[in-house]
Amino acid sequence: MLIKNAHIVSDTEYTADIQITGEQITAIGQQLTARADETVIDATGATVVPGLIDVHVHFREPGFTAKETIKTGAQAAAHGGFTTVVAMSNLNPVPDTVATLKPLLAKNRSDAKITVRQFAPITRDLHSDQVVDMPALQAAGALGFSNDGVGVQDADTMYRAMLQAAKLNAPIVAHIEDASLMHGGVINAGPVAKKLNLPGIINQTESSQLARDLDLAAATGVHYHACHISTRQSVALIREAKKRGVNVTAEVSPHHLLLDENNIPGDNPMFKMNPPLRSRADHLALLEGLQDGTLDMIATDHAPHTAEEKTGSFKTAAFGIVGSETAFPLLYTKFVKSKMFTLQQLIAKMSTIPAAKFGLPGGHITVGGPADLTILDLETSYKIDPADWFSKGKNSPFIGEEVQGQALYTISHGQIAYQKGGQA
């Protein structure tokens with residue numbers, strides 16, 4: 001493949017041609033000549049960036065395929081410009097043994113045109129206090145360990161898991177939630193909860209358990225990754241932990257960067273997510289944490305549900321929204337067009353840094369590097385319309401938003417995984 005006239009935004013910004021042979025970038029230069037039978041893409045007017053990387057998606061297979069499958073989830077990710085994603089383990093069966101993990105890894109490879117890596121759970125069946133056989137699961141292909149969706153409630157269990165993961169140099173990827181402080185909450189505890197007469201979730205549900213985990217991470221030396229940070233207290237805890245040398249990374253979701261509780265237009269479950277949309281002060285702390293590097297990366301927490309599961313009230317609907325197909329255009333439109341971030345800074349948070357922190361290929365456009373690229377149209381405006389999506393989940397509060405920054409091509413392993421106007 002030869003990509004002509006590419007305006008490249010990676011570690012630097014320049015215009016050149018990009019030649020791909022097999023799964024590698026083999027040349028970057030001016031006026032490269034196409035070889036016989038080579039696919040040529042003219043990228044004039046478009047922008048080429050390293051393939052986007054999302055370390056937090058839910059593909060729901062096996063067990064919940066009415067919501068999503070590996071195939072539809074990977075198609076949705078490719079449509080959104082992602083070339084690598086990491087899937088969570090809250091599935092049925094939970095991939096907590098080599099026997100249940102191996103067929104899942106095989107299906108991730110066979111059903112996706114992009115790279116789909118997999119987290120195994122921290123404990124057996126997610127809810128138990130029995131730590132999984134981490135060496136065996138890592139050897140089988142697990143990228144790291146996460147009980148996303150429920151978290152680890154017992155401190156000793158988390159400590160033992162961290163000790164084991166540290167020996168393997170494997171990340172512990174934490175859903176941070178003290179269940180004893182949830183009290184049936186469905187929305188942020190605050191004025192909007194009171195106005196809607198809905199049970200609230202206090203900030204300390206997250207930050208108190210995070211404080212526990214950061215102390216354990218300091219003691220064990222494990223790579224501790226904090227999922228979907230949502231509170232100002234959590235940002236402050238991570239900032240302080242990094243200053244004292246704790247091996248912690250953290251992600252923030254697009255919806256927590258784009259919205260706060262004041263954007264909730266009544267009892268509309270499209271705005272129900274866990275952790276919930278927090279206060280304006282929390283929202284501003286997240287933006288500051290992203291800007292100063294306290295929060296390392298952006299991850300979608302793509303959480304598809306059926307239409308039935310997202311209808312009705314906050315009290316009864318499922319937590320979570322989809323994000324794979326809307327994340328980049330929403331963030332580009334809100335933050336790059338307004339000059340709050342440069343495009344290079346956004347790409348760092350959505351590709352370069354997650355690749356570096358999780359040892360994933362990509363994150364840069366360089367000769368000898370993987371041919372994982374996203375070709376973007378940054379100029380054309382369009383409205384977010386779930387009819388255009390590949391995901392089975394249509395649960396999003398952003399439907400109807402006008403955005404820019406759609407993927408024209410997503411190239412993974414040197415092959416076209418998505419092409420605008422074509423199939424993913």
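The model is a predicted one: local features need pLDDT of at least 70, side-chain atom pairs count only at pLDDT 80 or more, and totals for chains, interfaces and linings use all residues. Residues are numbered from 1 along each chain as its sequence is written, and side-chain values use heavy atoms, with hydrogens and water left out.

Let me start with the annotations. An unreviewed UniProt entry gives the annotation "binding site" to His56, His58, Asp148 and Asp301. These residues are spread over 246 residues of sequence, yet they cluster in space, with a largest C-alpha distance of 9.8 Å. His58, Asp148 and Asp301 are included in the lining of the largest pocket. UniProt positions are given here in the numbering of this model, feature names are shortened, and annotations may be inferred rather than shown by experiment. A pocket is an open set of points on a 1 Å grid over the protein atoms alone, with protein on both sides within 12 Å along at least five of seven lines; a cavity is a set where a 1.4 Å probe fits but cannot get out, and lining residues have an atom within 4 Å of a point.

The unreviewed UniProt entry also places "domain: Dihydroorotase catalytic" at residues 47-233. That span is 37% helix and 18% strand, and its end C-alpha atoms lie 37 Å apart. Helices (H or I, at least four residues) and strands (E, at least two) are DSSP runs, numbered from the N terminus.

Now to the two aspartates. Asp148 is located in the loop between β9 (144-145) and α4 (155-168). Is Asp148 buried or exposed? Asp148 counts as buried because its relative accessibility is 3%, where buried means under 20% relative accessible area, exposed over 50%, and partly exposed in between (1.4 Å probe, protein chains only). Beyond neighbours within four places in sequence, Asp148 is in contact (heavy atoms within 4.5 Å) with residues including His56, His58, His228 and Asp301. The side chains of Asp148 and His175 make a polar contact of 3.3 Å. Such a contact is a pair of N or O atoms within 3.5 Å; within protein, one must be able to donate a hydrogen and the other to accept it, and residues adjacent in sequence count only if both atoms are side-chain atoms.

Asp301 sits in the loop between β15 (297-298) and α10 (327-336), and is buried at 10% relative accessible area. The side chain of Asp301 has a polar contact of 3.1 Å with that of His58.

How many cavities of 30 Å³ or more are there? The count is 5, and the largest cavity has a volume of about 60 Å³. Grid points are joined across faces, edges and corners, and a volume is the space filled by probe spheres set on the points. Among the residues lining the largest cavity are His175, His228 and Asn274.

Finally, the strand residues. Asn5, in strand β1 (residues 2-9), is partly exposed at 37% relative accessibility. A polar contact of 3.1 Å links the side chains of Asn5 and Thr44. Thr115, in strand β8 (residues 115-120), is buried at 14% relative accessible area. The side chain of Thr115 makes a polar contact of 2.8 Å with the side chain of His413.
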